[in-house]
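Please keep the viewer open as you read.

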Amino acid sequence: MNAVDLSAATNESPRMPASRVLNAYLQETRSECLRYLRTPSFLLPTLLFPTVFYVMFGILLGRSNGADAPRFLLASYSTFGVMAPGLFGFGVSLALERDGGLLMLKRALPMPPAAYLLGKMAMAMLVAALIVALLLSLAIFVAHVPLDASQMLRLFAIDLFGVLPFCALGLLLGTLIKGQGAPGLVNLIYLPMAFLSGLWFPLSIMPKLLQQLAPVWPSYHLNRLALSAVGFDTGPVWPHALVLAAFTVGFLLLAARRLRRYG
Amino acid sequence: MSGNERVLASLQNASKSYGKIKALDGVDLALRGGELLALLGPNGAGKTTAIGLLLGLIRVDAGAVSLFGQDPQRIQARRNIGVMLQDATLPATLRVGELIRLTASYYPSPRTLSESAELAGVGDLLDRPYGKLSGGQQRRVQFALALCGRPRLLFLDEPSVGMDIQARQKLWTAIRHLVAEGNGVVLTTHYLEEAEALANRVCVMARGKIISEGSVDELRARVSLKRVRCATRLDVATVRDWPEVTEARMDGGRLWMSSDRVEALVRRLLAVDADLSSLEVQAAGLAEAFTELTRDADETAAEQLEAA
């Protein structure tokens, strides 16, 4: 009797039209963006740290380091800025959602699994776009950094997509840590990585060992790309882009494996 | 069971272990449309594991799980279900209406926002941020999320925790409505009155097994205990020592006892306290049935342990 009943039930399983699947993706993205834009404890530090640092060190104090300093530090602080939405928007939120049971509920619901990741990714890219737009405005209107339109566009595009390796790293961190301690732990990775990649002090004034170690960090490669976008010669672009792509894929695969195993 | 009640989901001889602990030990369970199944059992009995298997959150070690004829890990299977978990922290900054709309977007033909809101009694909360709601209001919103996709099978895990009496009554009405529509509901609850009020079928679990299954009346009939309540000067400690009394406590100024020899108990009560008043004798409720069933299971397990 059971077998007959079960097959009858199968045939009745409703089909989900493609337009409704797409709508699920859009709703998930919309909710994720709204949710974080309404959370000042996430949004304010993410927007303020790079901009305030840039105003202090890049504009007010920067001139004393030479005329190029505001342009150089525009690249560095934009790199520093766009690391945060990926690491915190993905890493911390995943850690909290695993802890709070939201991820479990979503896994039980018929949410398209990719919608969860794409929603967070879109949110991180949106916040990154805000950060670069703010920094660019400060650079152009306050510091009068000479930049042409194509340079601005390049920096914007590089930072927009430069979020992705940090989303992937955040995702991996989010599968490793759990709960309320997550923001602190992510900072323990974020801040040293920014320092060691030469985002706060130029690598040239750092010890030789740290200089040689810098290519280990994804932020170093993103910063090279950002610097080249605003007109500094950092050699060929594609090796850095390739390394970043490799980091992204590597972190994603590790995170996916952990999520499959431990949920 | 009559033949037209369709099996929507089932566990067949399902087992699941965590390390050395057998969380589920060869369980057979069938969930049908138009029926509310209450899954009861002490903590650690295997309820959560059984639900987790049916939702596709975990995989069986042995046996089979079927949800609408498919593997529950397939999203197509889960488009037929609605879920309310015991502890899920929803995004605090999203408004209630936004949460319902988001969850409804996962389903092929969901209810309208106003229909979901009305069924769950959250129509007046739609514009409020979730984080600003009281615990009971949050539970109602979670119930709205469970039913908004027009699911044919609902999983409700402790749905009425934190609700006041009025909200609980409304919840029960809504659940009955969903069952009357022909949907299946799986309810886990610690409130035995809730199971008693709603369930067509009750499954009692202990130590990873189903130890009893049947209607509420069938379950009650298996238990010889009856309830006695009265206003008396006797105290709990005294009556607890009487052989006729299996359990005793004070409740709202009344002495409350359960007994399997109720006639003898009443005779003795009246003899000892001539001023006794407000005497009531009731057949056992699900609570007594549950206590006795799970105690029997524990004793059996203890005996097996000694024998081994």
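A residue is called buried here if 20 or more other C-beta atoms lie within 10 Å of its own, exposed if 12 or fewer do, and partly exposed in between, with C-beta atoms placed from the backbone. This is a predicted model, in which local features need pLDDT of at least 70 and side-chain atom pairs count only at pLDDT 80 or more, while totals for chains, interfaces and linings use all residues. Residues are numbered from 1 along each chain as its sequence is written, and chains are lettered from A and ligands numbered from 1 in the order in which they are written.

**The two chains**

Helices (H or I, at least four residues) and strands (E, at least two) are DSSP runs, numbered from the N terminus. Two residues are in contact if their C-beta atoms, placed from the backbone, lie within 7 Å. With those terms in hand, here are the chains in turn.

| Property | Chain A | Chain B |
|---|---|---|
| Helices and strands | 11 helices, 0 strands | 11 helices, 13 strands |
| C-alpha span along principal axes | 85 × 35 × 35 Å (about) | 65 × 50 × 40 Å (about) |
| Buried residues | 41% of 263 residues | 49% of 308 residues |

Among contacts in chain A with a separation of 6 or more, 78% are between residues 24 or more positions apart. For chain B, 68% of the contacts between residues at least 6 apart in sequence join residues at least 24 apart.

Chain B also has a domain assignment, with bounds from an automatic or database source: domain 1 covers 7–220 and domain 2 covers 224–283. The centres of these two domains of chain B, taken over C-alpha atoms, are 38 Å apart.

How many residues of chain A are in contact with chain B? There are 33, and they meet 34 residues of chain B. Helix H1 (2–12), helix H2 (18–37) and helix H5 (102–108) of chain A each give two or more residues to the side of chain A that touches chain B. H2(A) provides the largest share of that side, 8 residues. Sorted by class, the side of chain A that touches chain B has 16 nonpolar, 10 polar and 7 charged residues. In this sorting Ala, Val, Leu, Ile, Met, Phe, Trp, Tyr, Cys and Pro count as nonpolar, Asp, Glu, Lys and Arg as charged, and the others, Gly among them, as polar.

H2(A) has 20 residues and reaches 29 Å from its first C-alpha to its last, close to the 28 Å expected at 1.5 Å a residue. The expected span of a helix is 1.5 Å times one less than its number of residues. Buried in H2(A) are Ala24(A), Gln27(A), Glu28(A), Ser31(A), Glu32(A), Arg35(A) and Tyr36(A). They lie on the same side of H2(A), because they cover an arc of only 145° around the axis; the arc is that of the directions from the helix axis to the C-beta atoms. On the other side of H2(A), Ala18(A) and Ser19(A) are exposed. The cover over the buried residues of H2(A) includes helix H3 (40–60), helix H4 (69–100) and helix H6 (113–142) of chain A, together with helix H3 (96–104) of chain B.

**Helix H6 of chain B**

Helix H6 of chain B (residues 165–180) has 16 residues and should span 22 Å at 1.5 Å a residue, which agrees with the 22 Å between its end C-alpha atoms. Its buried residues are Arg168(B), Leu171(B), Ile175(B) and Leu178(B). An arc of only 80° around the axis holds them, so they sit on the same side of H6(B). Which residues are exposed on the face of H6(B) turned away from its buried side? That face carries Ile165(B), Gln166(B), Thr173(B), His177(B) and Ala180(B). The buried residues of H6(B) pack against several elements of chain B, including strand E3 (36–40) and helix H5 (135–147). Just after H6(B), Gly182(B) takes a positive phi of about 105°.

**The nonpolar cores**

A nonpolar core is a set of buried Ala, Val, Leu, Ile, Met, Phe, Trp, Tyr and Cys residues joined through C-beta atoms within 7 Å. The largest has 90 residues, and Ala38(B), Val83(B), Ala144(B) and Leu187(B) touch the most other members. H5(B) gives the most to this core, with 6 residues.
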